[in-house]
Amino acid sequence: MGTATRTTLVRSVVSAAVVIVVTVLLVPGLADRLRSLLVGAVGALRALGHGTLALDDRFVLAMLVSLATAPLPLVLAAANRASRPAGVRRRALTSGAVVLVLAGVAAAQASAPGDRFRSVALAGLVGVALGALLDAAWGARERAAHASGRTRRVAWTLATTYGVVVVLVATAGSPVDGGVHPWLVRAIAAGQRLGAPGWLGYDAVEFTANVLFFVPFGFFVLLLFGARAWWVGMLGGLVASCAIETVQALFLPARFASVDDVLANTSGAVLGVLVGIVVLGRARRG
C-alpha cells in the first residue's frame, strides 16, 4: 500500500469516526443508551469470577474514554504524509483541543454539564497523553533498537534495588496501603468536594498506583535489552504480576489476588517500555 493510499484510507477512517462520535453526542439519549450497554457488558465480565473487573463502573467508563482518545495523535501522524517525530507535541496539542471540544459537546447534553465536562475532558486528556507517548516511542524506535553499555550499567543497578522493593511489597503480610488508607479516603473526598470527576475515587487511585508501580519494570527491561526486545518487558510484566497474585492467593490470606491488579501491573510495564524507548532514543540522538 502506497503512502498516498494509506493517507487517504486514514483520513476516511477519521472522517467516519468523527461522524459516529458527533452522532452519538448529538442524538438525544443515544449516549446514555450506549453507556448503559457498556455498563451491562462490564457487569457480565464482573460475573465471571471473584476479582474480575471489580473496579467502579464510572472508572471503567473513564478508562474506555481514555482508550478511545489515545489513538488521536497516532491518527494525526498517519494522516499527515510528512509526519515527523518532531511533530509529537503539535499532534498532542491538536488532539487535546479536539478532546476539549468533544467534552464540551457531551456536557451540553447532560443535566450536570460541569461534571460531565470535567469527567470526559480529564479521561480524554489522559488518553491523549498515552497516545502522545506511543507516538514519540514510534518515532524513536529505530534509534533505541539497541541498548548501550552505559544504560545497561545504570539499569542493572536500579533494577536490582527495584526488584528487592517489588518482592518486599508483594510478600508483605498485609496490604501496603493499610496505614495511609484513612488519609487517602479523606483526601479523595476533599477532591470530590473541590470538583474532581466522580470516577476519580479510591478504585482509580489504587489502580493508578499499581500501574505506576510496574512502570520501572518495563523501563529497566528496555534499557537492558533495547527496543528490539520490547515484548520482553511487556510479557515479563504480565508474568511477574500473575506470579505475585498467585503467591498472594495461595500463601497470604490477608492479601487479595485480583485480575484488576494484573491488568494494572501489565499496563504499567507497557508504559515503562514506551518511556524506555523514548529515553533511549533521545540518549542515542544526543
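1. Helix H3 (57-69) gives the most to the lining of the second largest pocket, at seven residues. A pocket here is an open set of points on a 1 Å grid over the protein atoms alone, where a 1.4 Å probe fits, with protein on both sides within 12 Å along at least five of seven lines; lining residues have an atom within 4 Å of a point. Helices are DSSP runs (H or I, at least four residues) numbered from the N terminus.

2. The model is predicted: local features need pLDDT of at least 70, side-chain atom pairs count only at pLDDT 80 or more, and totals for chains, interfaces and linings use all residues. Residues are numbered from 1 along each chain as its sequence is written, and side-chain values use heavy atoms, without hydrogens and water.

3. The second largest pocket holds about 980 Å³ of space. It is lined by 34 residues, of which Met63, Ser66, Leu67, Leu130 and Phe207 are the closest to its centre. The lining has 29 nonpolar, five polar and no charged residues. Ala, Val, Leu, Ile, Met, Phe, Trp, Tyr, Cys and Pro count as nonpolar, Asp, Glu, Lys and Arg as charged, and the others, Gly among them, as polar.

4. Helices that each supply at least two lining residues include H6 (113-140) and H9.

5. H9 (residues 202-225) also meets H7 (residues 149-170): their axes (lines fitted to C-alpha atoms over the stretch in contact) come within 9 Å and cross at roughly 150°. The two helices are therefore roughly antiparallel (angles over 145 degrees).

How values were computed:
Axes are lines fitted to C-alpha atoms, for helices over the stretch in contact, and angles run from 0 to 180 degrees between N-to-C directions. Angles under 35 degrees count as roughly parallel, over 145 as roughly antiparallel, 65 to 115 as roughly perpendicular and the rest as oblique. Grid points are joined across faces, edges and corners, and a volume is the space filled by probe spheres set on the points.
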